[in-house]
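Here are some notes to read with the model open beside you. Take the points one at a time and find each residue as you go.

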Amino acid sequence: MVWFLFILVVTVIGILGHNLPCVQSSPHRILVDTDVDTDDIIALLYLLKLNKSEFDLVGITLSANAWTNAGHGVNQVYDLLHMMGRDDISVGVGGEGGILDDGSILPDVGGYLPIIDQGVTTAGGCRYRQTIPKGRKGLLDMDSNYGFRKHFLPQGNRRYTPLQQPTAQKVIADKVLEGPISIFLMGSHTNLALFIMSNPHLKHNIQHIYVMGGSVRCANPNGFCGNLFTDFTSNPYAEFNIFADPFAAYQVFHSGIPMTLVPLDATNTIPTSKKFFETLEKNQRTYEAQYIFSSLKIIRDTWSPEVFYSSYCMWDSFMAGVAVSIMRNSGNNNNNNNGENDFAEMEYMNITIVTSNEPYGLPDSSNPFFEKQITPKFNLTLGGVHSGHVQSGLSDPICMQRRHKGNCKDGYTQETSGPDSVQVLVATRAKPNKKNYKSELDREFYVDILDVLNSPEETGRFNLSTQFPYYREELFIPDLSNAQFGKPVLFDMDMSAGDFLTLFYLLKVPVEIIDLKAVIVSPTGWANAATIDVVYDLLHMMGRDDIPVGVGEMLALNQSDPKSPSVGDCLYAKAIPQGCGGFLDSDTLYGLARDLPRSARRYIAENSVANGAPRNNDSPELGQSLALEVWQHLTKSVNEVTVLTNGPLTSLAKIISSDKNSTSFIKEVYIAGGHININESDRGNTFTVPSNAYAEFNMFLDPLAAKTVFESGLNITLIPLATQRNLSSFQMMLNSLNSTDKTPESLFVHRLLTRLHTLHQVHRSYKHVGMFLGEVLGALFLGGDHAVLKPKLRDEQVKVIAEGSDSKDGQILIDKQHGRQVQILESIDPRGCYESFASKLNDKKQSAVIGSFEEQRKKWTTSPNRTLRRKKRITPLSRTLRRKKWIT
């Protein structure tokens with residue numbers, strides 16, 4: 001009887017457990033390398049929802065040379081993990097290492113540049129990345145997730161902090177050293193390739209690599225295999241993830257590590273269909289499902305529904321689903337050679353990655369692996385597959401020799417045979433839904449991802465609005481009805497650290513002296529376009545949500561591609577470091593942007609037909625204003641305006657060329673920038689362009705715009721680099737701010753200056769940051785007491801060089817015969833400047849309405865006084881709120 005019962009129990013367990021997934025004794029460890037595109041976010045949330053005892057996401061590294069900028073991307077990942085209760089997951093981005101001319105890879109290469117262009121710094125060109133739009137439908141929308149990131153995701157304690165942020169290489173090394181791991185690649189292959197090339201002895205711990213990318217078998221009869229929608233005329237074969245760094249992808253594919261590829265061949269068979277979209281809309285039971293739907297909805301509205309439903313595919317999320325299904329079926333031994341899974345049909349193919357174009361071995365200046373190299377870099381073979389012509393950009397003439405179809409194949413995942421091919425398991429198409437008969441969805445993965453995202457297990461804890469019990473958004477509008485207004489000013493900034501110091505100062509000058517009417521941000525300078533949200537937050541802090549903010553042109557004049565104006569070259573922008581002391585720090589305000597209170601205003605991709613969108617979005621009035629729109633509004637509200645520029649002159653040049661009446665409307669222009677060298681030793685500050693010793697960044701970053709402005713006939717006062725250098729002492733500025741009576745804004749500025757000072761002292765990547773201090777001079781000259789500042793001016797005839805050569809462009813020459821007359825601020829008293837700046841910042845008048853995010857957090861976690869709306873709000877002297885708008 002006992003034996004009978006035993007056999008019965010074993011039989012029942014066997015029957016019941018036959019279809020259950022195999023439970024591992026230890027979970028599959030996963031590291032994701034992502035470029036934080038919206039489809040990557042969907043994939044990350046999918047992975048975070050899986051049972052941690054079966055699939056453990058242990059690390060995330062950022063692919064910083066593709067569809068996101070590092071500073072915005074890393075903080076979005078931190079916020080995403082905070083929402084999901086996974087602050088334990090390591091996140092790595094960037095690094096200041098480089099590659100020497102002999103091919104030696106230094107520690108912690110940041111992956112900001114493709115390997116072929118990586119030198120010893122993080123500054124460099126955009127050979128492949130120029131195919132990605134910088135603005136809408138590109139980096140601006142990815143960095144902000146179309147504006148929903150700031151609106152929806154909660155803010156935790158983790159953030160990017162200079163010199164404390166773990167690098168991508170460190171996180172990969174740490175996780176690989178800890179034990180067997182699978183790596184999911186959702187962006188470029190740069191980070192992993194660098195790791196493999198530097199640590200071949202650790203490859204054995206990488207069990208498998210899963211890749212979303214490439215296009216193998218062309219389904220399109222015209223031969224357009226890839227998805228480089230901005231570059232079909234030069235390269236119709238590549239897919240973005242592989243094209244971002246073809247040589248890196250080649251190294252990964254040829255590493256000997258088992259690999260599964262989910263290319264466009266498969267993802268094209270699983271678009272975000274109308275039925276799936278509508279089903280998701282009805283099933284948003286978790287925060288993660290809500291975030292995904294909101295993101296997809298605005299993409300649909302931005303693209304147009306018809307294009308979206310057929311073309312916005314489940315790229316990375318489908319790869320993640322296929323990968324975990326393969327891993328689930330592999331059991332403890334990770335043995336599933338045929339790639340059995342629930343979601344995709346699989347096939348082995350022989351593949352290689354095209355890194356250069358035939359004929360091979362000929363002299364070609366496009367290929368730095370061989371050009372001017374005594375020994376080819378990485379000991380590559382002259383005449384080998386890496387020694388041909390390498391695509392140099394969108395308009396590479398070698399790539400455009402055939403009509404209607406590009407000639408180059410860089411980044412093509414080519415099916416081939418012979419010694420250069422490797423066997424790869426490839427997904428060919430999505431499997432139809434045959435198991436879930438009750439579902440109207442026609443793909444197996446559609447059903448699975450909806451189930452996973454809406455599962456109550458491993459779900460998000462809260463979003464921003466539910467993170468705090470008394471959360472409310474508010475707009476602060478000052479009551480200036482009785483004010484006597486001073487000079488109306490338009491501030492044009494490129495969002496460098498010095499520009500934020502300047503903006504604080506302008507907001508502290510009494511409105512009777514300076515009436516700040518509008519702010520324009522120029523993304524052609526030291527920060528990327530999505531950093532406009534930091535401007536909104538600063539204005540909110542200071543109680544000036546009434547000041548409009550417009551975003552300018554994304555590319556310098558003459559850098560846009562003629563056929564695809566949203567993309568273009570970076571002849572000048574390449575001078576700005578991508579990493580420390582450059583975009584990474586500017587986009588995060590050196591790690592301090594998240595200490596500012598969060599404004600209800602933000603960039604959002606809402607748009608209208610009037611602005612070129614295919615349809616009106618739900619709330620087009622919330623859409624981000626363009627610089628020209630702000631300008632047009634300004635011309636209707638005042639009779640004249642003074643313009644203060646602290647960055648490249650792109651936006652001002654665009655205004656001049658678009659509005660023929662602008663030069664009569666602009667009373668005067670103050671330009672912080674330019675360098676007039678007196679002798680050979682008097683050099684400019686473009687430290688990353690050694691061939692151009694005498695240019696200054698603001699002129700160099702858009703020399704044609706500078707030339708346009710200087711030749712416009714405007715009344716220009718130039719605050720050149722030599723005068724700005726009088727304000728280069730962090731210690732003196734900090735000492736001036738050390739008052740016993742501090743304001744929230746002076747405390748914030750003190751923290752920012754202290755951080756800059758410390759970084760300047762301890763790391764080579766920050767040796768240049770002192771130059772940002774002098775950018776406040778234009779505002780000081782406009783709003784300060786000249787008796788204290790003691791300015792000295794002189795007239796001069798000057799011209800700007802703009803010839804298309806980065807070794808000359810941006811230089812300002814004195815030309816008595818052909819130059820245009822400007823006033824030059826020749827000198828100013830440094831001590832007076834420090835004291836004037838500090839006295840305004842410490843003044844209690846026109847002070848912050850809400851001092852920090854921490855103050856905001858306390859407000860949102862404390863029950864408001866029931867009589868709040870009946871009481872008069874106590875506000876800083878000379879500032880009352882005409883309207884406090886609650887947005888629930």
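1. Let us begin with a charged pair: Glu796 and Lys816 meet through their side chains in a salt bridge, at 2.6 Å from N to O. A salt bridge here is a side-chain nitrogen of Lys or Arg within 4 Å of a carboxyl oxygen of Asp or Glu. Glu796 sits in strand β17 (residues 792-800) and Lys816 in the loop between β18 (812-814) and β19 (820-827), so the pair ties together parts that are 20 residues apart in sequence. Helices (H or I, at least four residues) and strands (E, at least two) are DSSP runs, numbered from the N terminus.

2. Buried means under 20% relative accessible area, exposed over 50%, and partly exposed in between (1.4 Å probe, protein chains only).

3. A word on the source: this is a predicted model, in which local features need pLDDT of at least 70 and side-chain atom pairs count only at pLDDT 80 or more, while totals for chains, interfaces and linings use all residues. Residues are numbered from 1 along each chain as its sequence is written, and side-chain values use heavy atoms, with hydrogens and water left out.

4. How many salt bridges does the structure hold? There are 34. One of them joins Arg594 to Asp79, with the closest N and O atoms 2.5 Å apart. This pair links distant parts of the chain, 515 residues apart: Arg594 is in the loop between α19 and α20, and Asp79 in helix α3 (residues 70-83). Arg594 is buried, with a relative accessible area of 9%, and Asp79 is buried too, at 3%.

5. Now look at Asp587, in the loop between α19 (583-586) and α20 (627-635). Asp587 is buried yet has no salt bridge, and the nearest side chain of opposite charge, Arg129, is 8.3 Å away. For charge, Lys and Arg count as positive and Asp and Glu as negative; His and the chain ends are not counted. What Asp587 does have is a side-chain polar contact of 2.7 Å with Asn528. A polar contact is a pair of N or O atoms within 3.5 Å; within protein, one must be able to donate a hydrogen and the other to accept it, and residues adjacent in sequence count only if both atoms are side-chain atoms.

6. Which residues have the most contacts inside the largest nonpolar core? They are Leu45, Tyr46, Phe184, Phe318, Leu503 and Val535, in a core of 223 residues. Helix α14 (residues 315-330) gives the most to this core, with nine residues. A nonpolar core is a set of buried Ala, Val, Leu, Ile, Met, Phe, Trp, Tyr and Cys residues joined through side-chain atoms within 4.5 Å.
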